[in-house]
Amino acid sequence: VIKCKAAVAWEAGKPLSIEEVEVAPPKAHEVRIKLVATAVCHTDAYTLSGADPEGCFPVILGHEGAGIVESVGEGVTKVKPGDTVIPLYIPQCGECKFCKNPKTNLCQKIRITQGKGLMPDGTCRFTCKGKQIYHFMGTSTFSEYTVVADISVAKIDAAAPLDKVCLLGCGISTGYGAVVNTAQVERGSTCAVFGLGGVGLAVIMGCKVAGASRIIGIDINKNKFAKAKEFGATECINPQDFKKPIQEVLVEMTDGGVDYSFECIGNVGVMRAALEACHKGWGVSVIVGVAASGQEISTRPFQLVTGRTWKGTAFGGWKSVDSVPKLVTDYMSKKIKIDEFVTHNLPFDKVNEAFELMHSGE
C-alpha cells in the first residue's frame, strides 16, 4: 500500500480537501500509476457540484492526467513499470462489439462499474481516514498515485512533457477529434464554433488543420477572442452584440449558413442555435459539450428534413488506446498545439484555485 496526497471530494458542493490517502496495489489486469501532472475540466466541477446523477462521494476526481507506471497486476502485458502513460476515461478493450465496430469509440467493457465509482471487480483501491473513497471516470487523477484498469491506459512517448500531454486525456482530444473524426470537415469549409474555452480552441485548431476557409468563433466573453484568433479563428462574434438570434446572424453572414457547427458549452439552447446556423441541404452540427442531467434538446423537425444533420461526439471519436499515443506523436512533431492551451501552472495543493480560475473564464 502506498500513502500519498490526494484531493478528496468528501461531499458535493464543498471544496476539495488535500488528504493523505492509502492506495492499494493493483489487482489482476490493473495498473498503478504515479501521476506527474493533471488538468482540471468542467466535468470534474459538474460532478463536484452535486448535479451529476452518477456522482458518488467521497471521491477522488480528475480525468486529465499523465504519469509513470509504478506497478502492474497479474496478467498485464501492454505496459510495465517505468512506462510513460495517460489514463483513459474511455477504455479500449478490443473485444466488445463497440471496440470491434469502426463507427464508435465507446468501449463498454467496464462502463457499469466505472459509472458507480468502482474498479472492474466492484471494489475501490483508495481509503482515507478508514473510509473507502470512490474512483472517478476510471481515472481519479487528483491523486499522486492512482489505480486504473489495464484497458484504461495508453503508453506514450517517454520524451513527452507530461505537464502538457495530460491535456490529451480529455479536452484537446475531444475538440480536435470532433472535427477530424466526427464531422470530417473538408478543405474550404465554413465552420462555426460555439464556446471558446479549451475544447472550443481545440475545435478551431482541428478546423484549421482540416483546411477550413472560414472559422467563426462565438462566445459571450470577448476576452476569449484574441486567443481564438491565435488558434485559427478567422473572425469572432458575441451574441450579446445582436438584437436577433445568433443563428440568424450566422445564416446572414455565411450566405445561408455554415457547413459545420460545433457546440462546446453544454447548453441546450446553444445546441439548437448551432444546428439552425447550419446550411440547408448539407450542414452538420456536432454536440461536443455535455449538458446537465435531464435536459433535452429541441428544434423543428423541418430543420432535419431539409438536410441538416445533428451529431454528437465523446472523446472526439478516438479509439483511445490506439489513438492517444498517435496524438502525442502529432504534438511532438508540431502538427497539433498543446503548450498554448496551458494558461496556469499551480502546485497540487492549489487545486481549488485552479477550479476558481476555470469558473472565472481565466
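Q: Is tryptophan 318 buried or exposed?
A: Tryptophan 318 counts as buried, at 13% relative accessibility, where buried means under 20% relative accessible area, exposed over 50% and partly exposed in between, with a 1.4 Å probe and protein chains only. This is a predicted model, in which local features need pLDDT of at least 70 and side-chain atom pairs count only at pLDDT 80 or more, while totals for chains, interfaces and linings use all residues. Residues are numbered from 1 along each chain as its sequence is written, and side-chain values use heavy atoms, with hydrogens and water left out.

Q: How many aromatic pairs turn up in the whole structure?
A: A search of the whole structure finds four aromatic pairs, a pair being rings of Phe, Tyr and Trp (its six-membered ring) with centres within 6.5 Å, counted as stacked if the planes are under 30 degrees apart, edge-to-face if over 60 and tilted for the rest. One of them joins tyrosine 89 and phenylalanine 315, whose ring centres are 5.5 Å apart with planes at 75°, so the pair is edge-to-face.

Q: What about tyrosine 176 and tryptophan 318, how are their rings arranged?
A: The rings of tyrosine 176 and tryptophan 318 are stacked, because their centres are 6.1 Å apart and their planes are at 20°. Tyrosine 176 belongs to helix 5 (residues 171-183) and tryptophan 318 to the loop between strand 16 and helix 11, so the pair ties together parts 142 residues apart in sequence. Tyrosine 176 is buried, with a relative accessible area of 3%.

Q: Switching to helices, at what angle do helix 1 and helix 12 pack?
A: Helix 1 (residues 42-49) and helix 12 (residues 351-359) pack at about 105°, with their axes 11 Å apart; the axes are lines fitted to C-alpha atoms over the stretch in contact, and angles run from 0 to 180 degrees between N-to-C directions. The two helices are therefore roughly perpendicular to each other, given that 65 to 115 degrees counts as roughly perpendicular, under 35 as roughly parallel, over 145 as roughly antiparallel and the rest as oblique.

Q: Which residues meet there?
A: His42, Asp44 and Ala45 in helix 1 meet Phe355, Met358 and His359 in helix 12, with contact meaning heavy atoms within 4.5 Å.

Q: What is phi for histidine 29 and for lysine 334?
A: Histidine 29 has a positive phi of about 60° although it is not a glycine, and lysine 334, another residue other than glycine, has a phi near 65°. Histidine 29 is partly exposed, with a relative accessible area of 44%, whereas lysine 334 counts as exposed at 74% relative accessibility.

Technical notes
Helices (H or I, at least four residues) and strands (E, at least two) are DSSP runs, numbered from the N terminus.
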